[in-house]
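Hello,

Here is the structure you asked to see. Please look it over first, then read the notes below.

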Amino acid sequence: MARKSILKSTVVTVLCVFGLYGLSTTFFNPINPYHSRLDLSLPLDSSSKSLSLLSTDSGENLSKFSRNFGPVKVYMYDLPRKFTYGVIESYAVARGGLEKVPVDDVSSLKYPGHQHSGEWYLFSDLIREDRGRRYVVRVSDPEEADLFYVSFFSSLSLVVNPIRPANGEGAGTGYSDEEMQESLMEWLEQQEYWKRNNGRDHVFICQDPNALHLIVDRVKNGVLLVSDFGRLRSDTASLVKDVILPYAHRIKSYSGEIGVENRKSLLFFMGNRYRKEGGKIRDLLFQILEQEEDVIIKHGAQSRESRRMASQGMHSSKFCLHPAGDTPSACRLFDAIVSLCVPVIVSDQIELPFEDVIDYRKIAIFVDSTSAVKPGFLVKNLRKITRERILEYQREMQEVIWHLTVMDA
């Protein structure tokens with residue numbers, strides 16, 4: 001678990017290198033433009049052996065990339081303050097956390113911890129003065145840049161106001177995410193380097209499935225850093241050019257050793273039972289699982305107490321259920337990984353972070369939605385999986401955990 005902190009200072013390296021890789025594959029290595037390369041109907045076979053992780057780890061891959069192409073040079077736009085620190089201030093004001101804005105010292109601002117914190121870690125890493133030698137170099141001259149990073153906190157902007165009225169305009173503080181998106185677009189369209197090739201070398205982070213919803217068709221030429229493609233059309237986003245980011249996990253990491261002795265529950269899930277179109281399968285899973293004696297499945301909204309209960313449940317269960325949310329992915333996959341609780345992914349056509357580096361078949365079990373809702377199917381097959389096989393999954397999770405975690409809860 002000690003290696004987890006590495007990603008706090010190097011997350012921008014991985015994401016931007018993969019972003020540039022995405023741009024290069026557009027021309028040199030076209031692939032299926034929309035769907036994941038994972039087989040989502042893998043059998044639950046307790047006798048199958050876990051393959052070793054990729055023979056070259058990410059550090060070696062990045063070293064080869066650096067030798068062949070040199071460091072990735074990123075120019076981060078000096079956006080007007082309202083798009084970065086101003087969004088944090090607006091969020092705090094809407095919740096009664098600030099009386100005076102703008103604050104005199106931006107270092108006193110605290111970005112709220114939530115599942116889409118990648119935008120903060122990218123920004124804070126690039127503005128650090130002590131970045132040292134990296135595979136990504138921030139350049140001050142845009143003429144030297146390979147990529148242009150647009151550091152608007154789009155996911156936080158979406159949730160600045162706790163209640164958004166039906167007409168879509170801001171409430172309370174008068175803040176409007178829609179106006180911010182339009183303002184960003186107006187600012188970008190005045191920039192020389194945006195005009196040069198219509199944003200094809202520009203990078204945007206929009207982790208929340210609704211982030212940048214108003215202008216996404218106008219920035220679709222760029223590299224989009226997203227959680228999945230659930231709300232994006234195939235002519236807007238694809239695995240050819242875009243990058244899937246991990247959610248930030250919301251619960252405490254498991255501090256114990258691998259093993260099943262202290263994991264008395266077979267399967268655990270805690271979260272909202274009722275979701276939108278993409279997550280309707282959750283209610284069906286509740287119906288077939290809530291009567292199973294060694295399965296814990298609970299309805300619960302986000303709160304400090306529910307996170308504490310989820311932490312306890314994941315740390316004491318062998319398997320953790322990962323059904324789709326409103327879109328194909330959800331943050332619980334990463335909660336499960338830091339808990340060393342083997343994820344059981346029930347989500348069709350899901351895209352996962354860094355699939356070129358991580359083989360998820362070695363750390364998770366994939367079940368198609370049709371099979372998952374057959375009475376008895378999940379628990380019957382999970383009970384067949386041996387102790388030795390579970391330990392293999394846990395060992396593999398320990399190996400990849402640093403790729404996927406950007407903060408501790």
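**Salt bridges**

Lys 100 is partly exposed, with a relative accessible area of 49%. This is a predicted model. The side chain of Lys 100 meets that of Asp 104 in a salt bridge, N to O 2.9 Å. Asp 104 counts as exposed, because its relative accessibility is 70% and the cut-off for exposed is over 50%.

The structure holds 17 salt bridges. Another one pairs Arg 218 with Glu 182, with the closest N and O atoms 3.2 Å apart. This pair links distant parts of the chain: Arg 218 sits in helix 8 and Glu 182 in helix 6, 36 residues apart. Arg 218 is partly exposed at 33%. Glu 182 is partly exposed too, at 30%.

Arg 273 bridges to Asp 283, the closest N and O atoms being 2.7 Å apart. Arg 273 lies in the loop between strand 7 and helix 9, and Asp 283 lies in helix 9. Arg 273 is buried, with a relative accessible area of 16%. Shared partners also join Glu 182, Glu 189 and Arg 218 into one salt-bridge network.

**Val 219**

Val 219 belongs to helix 8, residues 216-219. Val 219 is buried, at 0% relative accessibility. Beyond its neighbours within four places in sequence, Val 219 contacts Met 185, Trp 194, Phe 204 and Leu 224. The C-alpha atoms of Val 219 and Met 185 are 8.6 Å apart.

**Cavities**

There are 4 cavities of 30 Å³ or more.

Best wishes

Terms used:
Residues numbered from 1 in each chain as written. Predicted model: local features only at pLDDT ≥ 70, side-chain atom pairs only at ≥ 80, totals over all residues. Heavy atoms only, no water. 1 Å grid on protein atoms, 1.4 Å probe; cavity = no way out; pocket = protein on both sides within 12 Å on 5 of 7 lines; lining within 4 Å. Points joined across faces, edges and corners; volume = space filled by probe spheres on them. Helix = DSSP H or I, 4+ residues; strand = E, 2+ residues; numbered from the N terminus. Buried < 20%, exposed > 50% of the residue type's maximum accessible area, 1.4 Å probe, protein only. Contact = heavy atoms within 4.5 Å. Salt bridge = Lys/Arg side-chain N within 4 Å of Asp/Glu carboxyl O.
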